[in-house]
Amino acid sequence: MRLNNATITQYLASRSGLVPGKRRVVLLRAEPVWDGPKDLPWGDGRFASVAAAPSPLAVHELVLAHLGRGGRGPDVLVVLTDREDAELGPDLLAKVYKQRVNTVDTWNVVREAFGAQGVDHWLVEEHWAAEALLDAAPPGGWPALSGEQTLSRREALSALALRRLGMGRYQPERAAAAPGRPHADELDSHTLLRWSLTPGGPERLLALRAPERAGLTRFLGEEAGLAGQALLALVHAEHGQDAVAFGLVCAALWCHAEEASDAGISRVRGRAERWFGDEPPVAGGQLDALATAFGRSCEEFFNGQLLTGRSAADDADAAIRRLTTGVLGRASSFVRQFGAETAARYSPVLLEGLEARFSALGAALLDNDQVRADASVRELNAHALSTQHDIRPRVRRAHMARRLSRWLAMEPEAGCRSVADGIGRHIAETGWVDLALEHVESAGDSDPALRAAYDRVCASVRRHRRAIDERFAGTLATWTASGGSSGAMLTVERFLPDVVAPLVASGSRRLLLLVLDGMSAAVAAELGEELREQWAEYDPWPKARDLPRRRGMAAALPTVTAVSRTSLFAGRLASGGQADEKRDFPAHAFWNGQDAAVFHKSDLRADSGGAPFGPELAEALAGDHTHVAVVLNTIDDRLATEDRAVDGAWRVGDIGKLPELLRAAATHGRAVLLTSDHGHVVDRNSGRVDTERALSARHRLPDGSTSASEVRLTGPRVVTSDPGGDIVALWDTDARYGERRAGYHGGAALAEVAIPVLAFLPLGAQPPAGWRELGSQQPAWWRLDGSASPQPTQPDRSVSEVVQARRRSSRGRRARGTSAVARSHDSLFDMTLAPAHDGALLTPTPVDPHAALAAALLTSDVLGQQREMIARAPSPHQVERAVHALLDAGGTLPVTALAQRVGLPPTRADGFAAKLRQVLNRDSVQVLEPLPDGRTVRLHAALLREQFELD
């Protein structure tokens, strides 16, 4: 503290022992600096000499010199020194006033420094604080309090802690806005924990003088509670920098590990307790409460840092990652040091806890325990590190393995009734299987149990997929040989006439057709999930008479670009190149005079650094007169490399120019169709099939024989140089003809033949005629949120059971003359018996259980009561159609899609959904739940049955 003229004068005037005529020396504790007058006037014309003494020797010399001068000069000498009494010694102190280094009564100075009207008496009790406050004053002084305020203890000591310890900046304006509350960073345990991690932070407390250090420690302990007291004890024990890491271990030991689970837990806790120092702030049983509170606070603080890192800018995120990584590393060293490995496995924050959760999932998958596996996934997702950017791919692989095990638990059939059924199933199911399989096999895992589980699950999945591909190849060969009539199935050459032509005829929107060369159903499934976050997806096939769904179409054969992509743009089976595509695409009659153009890789190259595309493509996209098709080759190009993707993922940003094209489409309100010319298979340690007649990596000229991995394809859909020619194609995804690459196409596997078709509009846009909005396209076994629990298909009930169900449900309804619906929750379709004209029972016929449940809802008395309580409630017919649509969609639909199913315009979607929730959510139970995106609802079928007494 530096003293000024007024402070010294006031002090001397208040000292009654300084009588005139007696030479005295007054030692004042202060910074040994004096830039005022040598002789300072005070009292009734008296003067005092003022000098600074930076060392004990200087004090000694000044005292002896002044006392030995006789009557010369002022009789009082004020020596400003920062030395302690013990440093000066009793002999010297015996010669000075009060025999000590005196402290100036500085509370008035403090009051004036803060611009306060008074000083709280609780603050005055802190005898050390006045000197500390004046000593810690910023260069420009303390900012003045606003208004006529009293300087409180909490206000002053908060300001002092912030300044001394580097915790933040004193802001009195916040004190005025919230009197009685800390006016800068909250001085709670989280503030202290953050401070402990700053370089040199804890050392600043230890460097203070003992009275100030003790006073601030006491005050901060009051503010931050038990957790703060624990931290300060660690600082005094010189463990401050490691406090957060140690606290995470404390949480594992005291908050998560049960003593019964480890007989040695008490010994481990005892070793950890010693880190609080020889004299911890509490003792006995209270020490457990202290460690528990400290552990919880450290976990909350650490989780907050992780959350901040995820939402921060790149630089801040990197800094937080460095901090959290360092803390976790130190915590792991403490786990080993204390022998706390067992307790750490229970931690939802520590790396050891994360690894334990991965191991638990692996063990559950190995045991094929579906319940344990679901619980393990939930535990893994609940771990704080599961969402970190470097952990997410590993967690994603674990999720994919769980999904595959759920699919296997459904005992999937290998049968394939038709090519249309095979392609439809691939888009809706086996393409998702391929996606999950590629994720898992792209990197595996370091945990032994999980690695073994991956091997087992993937091997089983590949066996099932191989059987499915084999059956499909046989069906494909029969279909192509019989002429390959498309019938009610989309084919690549019918895509433009059947899907694009009706869109053009509607005149409602210009088209952006994106052809992702080589995109498989698996890649489309992943891209579709990302696109659905910002776009509304539709079924764009107007002639379809089945339920709305994501479509697939059959590629031309062989499944190579020269054949299948040319056929797509030509609208007929053909073979050619880019020049043919540019010529054929705009020449179709259905354009009806409108402009259309196709752009390839060379057209995407910008002619300046600021342009996203080439000038012709940019002009076509910006205008309202051209239907645009763009071919993107990123996927096919990657297949030509020797290595697969690192994590098996395909994101929108991974496809060159796709984000820019989508932004342009959204800006100009274009309808977006996303498709391909063929799919591809991924190389999974494939074997080479020797042949001299290979035409691609997956098809060859026939030589009179085929191996077990091949199928002969002939017919009009096989496009060769000779009319009516045929080829031999590989259906086995583990076989190839050429050199190893990342992936291949040209063969007869489902992943090559099935072409996904995705249609999107900007959210809220009015769809073209015939377009039906889609809900989530994830299969039921894909969802890991507990919303669906797929079970193996159960055998149909016996005839006698059906008869009894028919008799029970037909009572009171005989006038209708039809059999009642017998419901089942396990099978896709129930069986009911259709009566013949003579009353005899004929063959059982399948009945849709979704329709049955929706129809049963209409007969519920509870539904009638619910509708009576709501003004302008939806009609029973609308409720039935809405429930049926939601059940058909797996329970989840955007509200606009739901309104479309019911026959309402999109403008009434939100209102209808709100009324439907009022009807179905009886007693506030969320039967129909709005999802966080604000545009989707989910129906919980089990709650519907329970609330409306439908069982």
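Where in the chain does E411 lie, and between which helices?

## Overall composition

The predicted model holds a chain of 951 residues, of which 52% are buried. Its secondary structure consists of 38 helices and 26 strands.

The accessible surface of the chain is about 41,400 Å², and carbon and sulfur atoms contribute 49% of that area. Among contacts in the chain with a separation of 6 or more, 72% are between residues 24 or more positions apart.

## Helix 18 and helix 19

Two packed helices are described by the angle between their axes and the distance between the axes. For helix 18 (residues 351-366) and helix 19 (residues 370-382), the angle is about 165° and the axes are 8 Å apart. Helix 18 is therefore roughly antiparallel to helix 19, since an angle over 145 degrees counts as such. The crossing of these two helices is left-handed.

On the side of helix 18, the residues in the contact are L354, R357, F358, A360, L361, A363, A364 and L365; their partners in helix 19 are R372, A373, S376, V377, E379 and L380. By residue class, this contact comprises ten nonpolar, one polar and three charged residues.

Helix 36 spans residues 895-902 and is mostly covered, with six of its eight residues buried. The buried residues are V895, A897, L898, A899, R901 and V902.

After helix 36 comes G903, which has a positive phi near 100°.

## The loop at S875

S875 is located in the loop between helix 34 (861-868) and helix 35 (876-888).

Along the chain, S875 and L916 are 41 residues apart, while their C-alpha atoms are separated by 9.9 Å.

Most residues other than glycine have a negative phi, and most peptide bonds are trans. Two residues and one peptide bond are described here against that background.

E411 occupies the loop between helix 20 (392-409) and helix 21 (419-443). Its phi is near 50°, a positive value in a residue other than glycine. E411 counts as exposed because its relative accessibility is 53%, and the exposed class begins over 50%. Q99 also has a positive phi, of about 50°, although Q99 is not a glycine. The loop that contains Q99 runs between helix 4 (90-93) and helix 5 (107-114). With a relative accessibility of 47%, Q99 counts as partly exposed.

The peptide bond from L557 to P558 is cis, and its omega is near -5°. P558 belongs to the loop between strand 9 (551-554) and helix 25 (561-570).

Definitions and conventions:
Residues numbered from 1 in each chain as written. Predicted model: local features only at pLDDT ≥ 70, side-chain atom pairs only at ≥ 80, totals over all residues. Heavy atoms only, no water. Helix = DSSP H or I, 4+ residues; strand = E, 2+ residues; numbered from the N terminus. Axes fitted to C-alpha atoms, helices over the stretch in contact; angles between N-to-C directions. Parallel < 35°, antiparallel > 145°, perpendicular 65-115°, else oblique. Left-handed = near helix turned anticlockwise from the far one by under 90°. Contact = heavy atoms within 4.5 Å. Nonpolar A, V, L, I, M, F, W, Y, C, P; charged D, E, K, R; others polar. Buried < 20%, exposed > 50% of the residue type's maximum accessible area, 1.4 Å probe, protein only. Areas by Shrake-Rupley, 256 points an atom, 1.4 Å probe, with all protein chains shown as cover.
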